[in-house]
Amino acid sequence: MPSQILPISYLPPKSSPSTEMMFKPLIYDDPSTSLLASSRSDDDHTVKPLLSRAASYNSGAVTTKPPNGGFTGWYQNRRRRSNSDNCLCAFPDDTNGSDGGNSGRQTIGQEVSHAAAETFLLTRLGLKLLSYLGVGYRWITRFLALGFYAFLLMPGFIQVGYYYFFSPHVRRSIVYGDQPRNRLDLYLPKNSNGPKPVVAFVTGGAWIIGYKAWGSLLGQQLSERDIIVACIDYRNFPQGSISDMVKDASSGISYICNHIAEYGGDPNRIYLMGQSAGAHIAACTLVEQVVKESGEGDSVSWSSSQINAYFGLSGGYNLLSLVDHFHSRGLYRSIFLSIMEGEESLRQFSPELVVQDPNLKHIVSRLPPIILFHGTADYSIPSDASKSFAETLQGLGAKAKVILYEGKTHTDLFLQDPMRGGKDEMFEDIVSVVLGDDPEVLAKSVDRRRLVPEFMLKLAHWVSPF
């Protein structure tokens with residue numbers, strides 16, 4: 001069933017009380033918000049507020065200067081990154097390092113070294129995670145289902161992986177900050193004529209297994225339509241908690257806003273997108289940014305005005321209404337509260353609740369247009385999460401809408417449908433917004449080749465643990 005989506009230019013002005021909610025023909029009742037169960041995490045956690053109240057606001061984007069000037073500061077920053085216990089190996093600056101990787105390509109030895117370092121880190125973090133999980137049938141059965149699911153999609157993963165590692169149009173592991181895993185991948189169009197629109201993408205992974213390479217399929221698709229994609233990596237739990245993830249995402253967005261022109265991107269056409277947990281992290285980052293800009297937080301290095309629109313794919317935006325659901329799905333309450341830094345922080349990291357704060361309602365006018373995508377058969381994060389967030393934003397006068405895809409699961413929209421080949425419904429909806437002002441480019445629809453046989457995709461749909 002084809003969907004319709006209006007270009008951003010057709011959206012009502014900010015003075016309009018609401019924006020029409022769009023979705024596949026579907027009637028639903030207003031979702032109700034359930035109360036958080038009274039059980040608490042086994043461990044005490046220091047709450048790191050999402051909405052810091054102290055400091056000043058700079059109205060424009062500011063390029064952050066290093067703490068030490070000149071070559072000495074550069075060298076010390078590099079050395080600190082190299083000596084960090086949890087940090088993935090940084091590539092030399094003549095490959096894919098902090099200077100953007102304009103002067104060379106990685107050697108095989110560097111590829112092997114980087115892969116070994118990441119394997120070691122992920123193994124160590126995985127073992128640490130097991131100490132949190134303990135022995136439970138839910139996560140064990142889902143882990144087995146995940147293995148079978150990955151096996152069924154392996155033909156597609158191999159082809160996308162080959163593109164990721166060997167395409168000359170992919171710039172991997174560009175350093176955007178000093179923290180562990182502060183890296184991003186760039187997917188550049190073959191056509192370098194003129195500045196290109198940019199999608200800054202935050203990957204999902206239940207706040208535990210997110211990784212920048214998960215965005216390879218999306219990056220390949222959008223770059224074929226003359227759109228640059230920047231996939232931002234961030235610290236996962238238990239390497240970091242939610243405030244670390246939001247901080248990393250903000251640093252990655254700042255790098256993109258201030259440096260994307262060096263890669264042929266248009267700094268005036270940047271779009272922010274997140275999928276699943278990444279949609280939540282990106283939304284938290286965006287809301288935190290507008291709070292800072294309203295004078296309620298620290299100084300800023302990028303501006304929400306630089307973001308043309310936010311795309312939220314299969315995300316959750318009210319944690320109080322989702323904590324029990326996640327527990328029933330195998331993401332146990334004790335682990336989830338550890339990720340979110342305690343029960344007290346759930347409200348602070350729920351964008352839907354933050355924008356309703358009477359003291360912060362004025363921040364809504366700073367938000368870019370919000371477009372939420374969700375499948376009606378999503379069991380990991382019910383589509384009510386997106387509908388409720390869109391209704392809340394509309395009620396506050398924000399530009400927001402939701403597009404629902406009938407019968408689609410949590411992974412159909414992001415993996416199975418793109419691997420099916422042909423025209424991708426959600427993909428075309430995104431492109432129609434990003435390239436809506438360029439009919440000639442928009443008309444050049446690309447029929448992608450099939451990556452996985454249909455019977456394997458249907459089995460994957462059935463066994464998906466998500």
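**How two helices meet**

In this predicted model, helix H5 passes helix H12 in a left-handed crossing. Local features need pLDDT of at least 70 and side-chain atom pairs count only at pLDDT 80 or more, whereas totals for chains, interfaces and linings use all residues. Residues are numbered from 1 along each chain as its sequence is written, and side-chain values use heavy atoms, with hydrogens and water left out.

Q: Why is H5 called oblique to H12?
A: The axes of H5 (residues 216–223) and H12 (residues 412–420) come within 10 Å and cross at roughly 50°. Angles under 35 degrees count as roughly parallel, over 145 as roughly antiparallel, 65 to 115 as roughly perpendicular and the rest as oblique, and therefore H5 is oblique to H12.

Q: What makes the contact of H5 with H12?
A: With contact meaning heavy atoms within 4.5 Å, Leu217, Leu218 and Gln221 of H5 meet Phe414, Leu415, Pro418 and Met419 of H12. These residues divide into six nonpolar, one polar and no charged, where Leu, Met, Phe and Pro are among the residues that count as nonpolar, Asp, Glu, Lys and Arg count as charged, and the others, Gly among them, count as polar.

Q: How do you know that H5 is mostly covered?
A: A residue is buried when its relative accessible area is under 20% (1.4 Å probe, protein chains only), and eight of the eight residues of H5 are buried, including Gly219 and Gln220. In the protein chain, buried residues make up 56% of the 466 residues.

Definitions and conventions
Axes are lines fitted to C-alpha atoms, for helices over the stretch in contact, and angles run from 0 to 180 degrees between N-to-C directions. Helices (H or I, at least four residues) and strands (E, at least two) are DSSP runs, numbered from the N terminus. A crossing is left-handed if the near helix is turned anticlockwise from the far one by less than a right angle, and right-handed if clockwise. Buried means under 20% relative accessible area, exposed over 50%, partly exposed in between (1.4 Å probe, protein chains only).
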